[in-house]
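Please keep the structure in view while reading.

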Amino acid sequence: MTTPRSIPRPALALGLIATAVLSACSTQPTTRRYAQHEPAPYQEPQRCYDCGTVETIVRVYGARENTRTGAVIGGVLGAIVGRELADDSSRGRRNTATVAGAAAGALAGNAIENRANEESFDVTVRMDDGRRLTVNVTALPNGVRNGAYVRYDGRRLQALR
């Protein structure tokens, strides 16, 4: 018959201490924690310096000046196209075609620029700080209408709501 072996006392003590420590780690705390929320102090609503409400939109004809950029770009493109389309056998025809292309391109570019600058819109915005701002745009962005809340960043008008 076999007799159980006795466990040395230091090992038994070490095992009990380890069990007590590990079981203490796994228990839930007996105290409860409550979160208290205090209302934030009242602050003035932040104003957007670049934001405001559209008051009026007026269609304007001829408000923008022609800068002649269209004529210059059209002339250069017309000269290139005229030179490429000319017959390569004659140098005189090639020069004539270049000049004719430049003239036609300049006329076309000027007409396109005049058409683009013909109609625009003056949008009057009452800014949040009380200023009144009038912006001239060639096309109304989506959502910009009377009463709309907009932002103007110095270059473009953008509807916010």
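## Strand pairing and the sheet

Phe-121 stands opposite Val-137 in E3, in a model that is predicted, so that local features need pLDDT of at least 70 and side-chain atom pairs count only at pLDDT 80 or more, while totals for chains, interfaces and linings use all residues. Residues are numbered from 1 along each chain as its sequence is written, and side-chain values use heavy atoms, with hydrogens and water left out.

The chain contains 3 helices and 5 strands, where helices (H or I, at least four residues) and strands (E, at least two) are DSSP runs numbered from the N terminus. Read from the N terminus on, these elements follow the order α-β-α-α-β-β-β-β.

The 5 strands form an open sheet in the order E3-E2-E1-E4-E5, with antiparallel pairing; two strands are taken as paired if DSSP finds at least two bridges between them. Strand E3 (132-137) and strand E5 (157-159) stand at the edges with a single partner strand each, so one side of each is left without a neighbour in the sheet. Neighbouring strands of this sheet are turned against each other by 40° on average, direction ignored, the axes being lines fitted to C-alpha atoms, for helices over the stretch in contact, with angles that run from 0 to 180 degrees between N-to-C directions.

E1 and E2 run antiparallel and are joined by 9 bridges, and Ile-57 stands opposite Val-123 in E2. Strand E2 (residues 119-127) is in turn joined to E3 by 6 bridges, again antiparallel, and Arg-126 stands opposite Arg-132 in E3. The hairpin of E2 and E3 has 4 residues between the strands, and in this hairpin Gly-130 takes a positive phi near 100°.

Of the 161 residues of the chain, 20% count as buried, where buried means under 20% relative accessible area, exposed means over 50%, and partly exposed lies in between (1.4 Å probe, protein chains only). A nonpolar core is a set of buried Ala, Val, Leu, Ile, Met, Phe, Trp, Tyr and Cys residues joined through side-chain atoms within 4.5 Å. The largest such core has 11 residues, namely Val-54, Phe-121, Val-123, Val-125, Met-127, Val-135, Val-137, Val-144, Ala-148, Val-150 and Leu-157. E2 and E3 each supply at least two residues of this core, and the largest share, 4 residues, comes from E2.

## Salt bridges

The structure holds 5 salt bridges, each defined as a side-chain nitrogen of Lys or Arg within 4 Å of a carboxyl oxygen of Asp or Glu. Three of them are listed here.

| Salt bridge | N to O distance |
|---|---|
| Arg-151 and Asp-50 | 4.0 Å |
| Glu-55 and Arg-132 | 3.1 Å |
| Asp-129 and Arg-131 | 3.0 Å |

Arg-151 and Asp-50 meet through their side chains; because Arg-151 lies in strand E4 (residues 149-152) and Asp-50 in the loop between helix H1 (9-26) and E1, the pair ties together parts that are 101 residues apart in sequence. Arg-151 counts as partly exposed at 36% relative accessibility, and Asp-50 is partly exposed with a relative accessible area of 25%.

The side chains of Glu-55 and Arg-132 likewise meet in a salt bridge; Glu-55 lies in strand E1 and Arg-132 in strand E3, so this pair ties together parts that are 77 residues apart in sequence. Glu-55, at 30% relative accessibility, counts as partly exposed, whereas Arg-132, at 52%, counts as exposed.

For the salt bridge between Asp-129 and Arg-131, Asp-129 is partly exposed with a relative accessible area of 39%, and Arg-131 counts as partly exposed at 32% relative accessibility. Salt bridges that share partners join Glu-55, Arg-126 and Arg-132 into one network.

## Loop and surface

Gly-62 is placed in the loop between strand E1 (51-61) and H2, and at 53% relative accessibility Gly-62 counts as exposed. Gly-62 and Asn-114 are 52 residues apart in sequence and 8.7 Å apart in space, C-alpha to C-alpha.

Val-72, Ile-73, Val-76, Leu-77 and Ile-80 make a nonpolar surface patch of about 470 Å², and Ile-73 lies in helix H2 (residues 69-85). Patches are made of residues with over 30% relative accessible area and no salt bridge, like charges being joined within 9 Å and nonpolar side chains (Val, Leu, Ile, Met, Phe, Trp, Tyr) within 5 Å.

How values were computed:
Areas by Shrake-Rupley, 256 points an atom, 1.4 Å probe, with all protein chains shown as cover.
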